[in-house]
Amino acid sequence: MSLEHYSRWLLSVQLLLLYSMVATASKVPALIVFGDSSVDSGNNNYIQTVARSNFRPYGRDLGGGSPTGRFSNGRLTTDFLSEALGLPQLVPAYLNPNMSIAEFASGVCFASAGTGYDNATSDVLSVIPLWKELEYFKEYREKLKSFQGEAKAQETLSEALYVMSLGTNDFVENYYVLPHRPSQFTVAEYEDFLVGIAEEFVRSIYKLGARKVELTGLPPMGCLPLERVKINPILRGCYEEYNKVAWDFNIKLQKLVDNLNQNLAGIRIVYGDVYDILFDAVQNSSSYGFENVVVGCCGTGLFEMSYMCNRRSPFTCSDANKYAFWDSMHPTERLNNIIADKLMNTTLHVFL
């Protein structure tokens with residue numbers, strides 16, 4: 001190939017890439033996030049709770065190494081999703097007073113670490129309940145209308161991608177720890193209770209303009225380092241009972257997705273499978289380049305998270321890329337990236 005032909009070919013590729021980026025951005029103008037610590041980009045920094053991560057070593061691999069309130073050494077899955085959609089690389093936290101509606105117009109996070117579908121779960125650590133996340137969204141919606149105008153805001157809200165990622169805390173922080181819910185529900189009944197709340201929430205944001213929704217399932221909870229060590233501190237194998245609960249809940253969530261697609265006109269809702277991705281990474285760690293999937297990078301990796309994972313934590317690993325988990329509950333930036341790539345390639349591509 002001559003230099004002239006190569007230059008033309010390179011220019012064509014660049015133009016195609018540019019067109020692809022513009023097309024992507026126009027189809028999904030904003031990423032709107034609800035959920036727990038798996039997607040909280042810093043809202044808990046601004047409420048009175050112990051469920052925080054706005055200190056080092058959290059965020060040590062993000063930009064200049066400044067902690068943002070993300071429960072990871074770097075970016076979250078939703079940050080990578082935002083970038084893949086042609087939007088900013090970081091999804092801002094709604095409660096951050098330094099951010100403006102102009103910045104929230106292309107993406108905003110209402111999530112709160114420690115929360116769940118169940119209001120009783122958010123009470124455990126005094127965090128933002130799901131109903132309050134919805135109220136913040138309504139407030140944001142009005143601000144967006146003032147900023148973009150009624151017609152443009154309605155377009156943004158209907159074309160935006162809404163991501164919901166929560167449910168783990170309802171089991172590992174509430175149902176299996178505190179006595180109240182087990183006295184009211186069997187595990188199966190509690191799953192149904194949570195799915196009912198999920199349905200009500202999706203219907204609520206649908207009435208407010210949402211048309212593109214991703215409902216994220218539960219991870220294999222029994223493979224989280226904290227649950228491994230609680231159940232079997234010596235062998236530290238995955239706790240199959242917790243994994244089965246997550247699996248059963250996810251099946252019910254998928255049925256909900258099918259039902260909502262059939263009954264809500266104009267909506268396109270998809271199920272985000274993080275169970276298989278994470279379980280495969282744990283079971284076939286070498287194929288993902290992970291050297292440790294049993295404990296987290298921070299401290300001993302067995303129980304440290306939030307304030308127990310701090311700059312004085314002994315034994316914190318030097319290279320988090322070798323670990324699937326950053327602390328005893330949350331993925332490393334690298335695993336978050338893997339999850340985002342998988343979701344984009346298997347599920348979210350339908351919105352491009």
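Trainee: What classes of residue make up the lining of the largest cavity?
Mentor: The lining divides into 16 nonpolar, 11 polar and 2 charged residues. The rule counts Ala, Val, Leu, Ile, Met, Phe, Trp, Tyr, Cys and Pro as nonpolar, Asp, Glu, Lys and Arg as charged, and the others, Gly among them, as polar. This is a predicted model, in which local features need pLDDT of at least 70 and side-chain atom pairs count only at pLDDT 80 or more, while totals for chains, interfaces and linings use all residues. Residues are numbered from 1 along each chain as its sequence is written, and side-chain values use heavy atoms, with hydrogens and water left out.

Trainee: What makes a space a cavity and not a pocket?
Mentor: Both are found on a 1 Å grid over the protein atoms alone. In a cavity a 1.4 Å probe fits but cannot get out, whereas a pocket is an open set of points with protein on both sides within 12 Å along at least five of seven lines. A lining residue has an atom within 4 Å of a point. By this rule there is 1 cavity of 30 Å³ or more.

Trainee: Which residues lie nearest the centre of the largest cavity?
Mentor: They are Asp36, Ser38, Ser165, Pro219 and Pro331, out of 29 lining residues. Two or more lining residues come from each of α2 (77-84), β3 (161-165), α7, β4 (212-216) and α14 (333-346). Such names come from DSSP runs, numbered from the N terminus: helices are H or I of at least four residues, and strands are E of at least two.

Trainee: What volume does the largest cavity have?
Mentor: About 440 Å³. Grid points are joined across faces, edges and corners, and the volume is the space filled by probe spheres set on the points.

Trainee: What lines the largest pocket?
Mentor: There are 21 lining residues, and Ala51, Leu125, Glu173, Met305 and Ser306 are nearest the centre. Here α7 (168-175) and α10 (225-231) give two or more residues to the lining. The classes are 12 nonpolar, 5 polar and 4 charged. The space in the largest pocket is about 340 Å³.

Trainee: What is the volume of the second largest pocket?
Mentor: About 240 Å³. Its lining has 17 residues, with Arg70, Val91, Pro92, Ala93 and Met99 closest to the centre. By class they are 7 nonpolar, 8 polar and 2 charged.

Trainee: Why is α7 called oblique to α9?
Mentor: The axes of α7 and α9 (residues 187-207) cross at roughly 135 degrees and come within 11 Å. Axes are lines fitted to C-alpha atoms, for helices over the stretch in contact, and angles run from 0 to 180 degrees between N-to-C directions. Under 35 degrees counts as roughly parallel, over 145 as roughly antiparallel, 65 to 115 as roughly perpendicular, and the rest as oblique. The angle therefore makes α7 oblique to α9. Asp170, Phe171, Asn174 and Tyr175 of α7 touch Val187, Tyr190, Glu191 and Leu194 of α9, where contact means heavy atoms within 4.5 Å.

Trainee: Why are α5 and α9 called roughly parallel?
Mentor: The axes of α5 (residues 130-148) and α9 cross at roughly 5 degrees, so the pair falls in the roughly parallel class. Leu130, Leu134 and Phe137 of α5 meet Ile197, Phe201, Ser204 and Ile205 of α9. That contact has 6 nonpolar, 1 polar and no charged residues.

Trainee: Which hand does the crossing of α12 and α14 have?
Mentor: Right-handed. A crossing is right-handed if the near helix is turned clockwise from the far one by less than a right angle, and left-handed if anticlockwise. The angle between α12 (residues 275-283) and α14 is about 135 degrees, and the two are therefore oblique. Ile277, Leu278 and Ala281 of α12 meet Leu335, Ile338, Ile339, Lys342 and Leu343 of α14.
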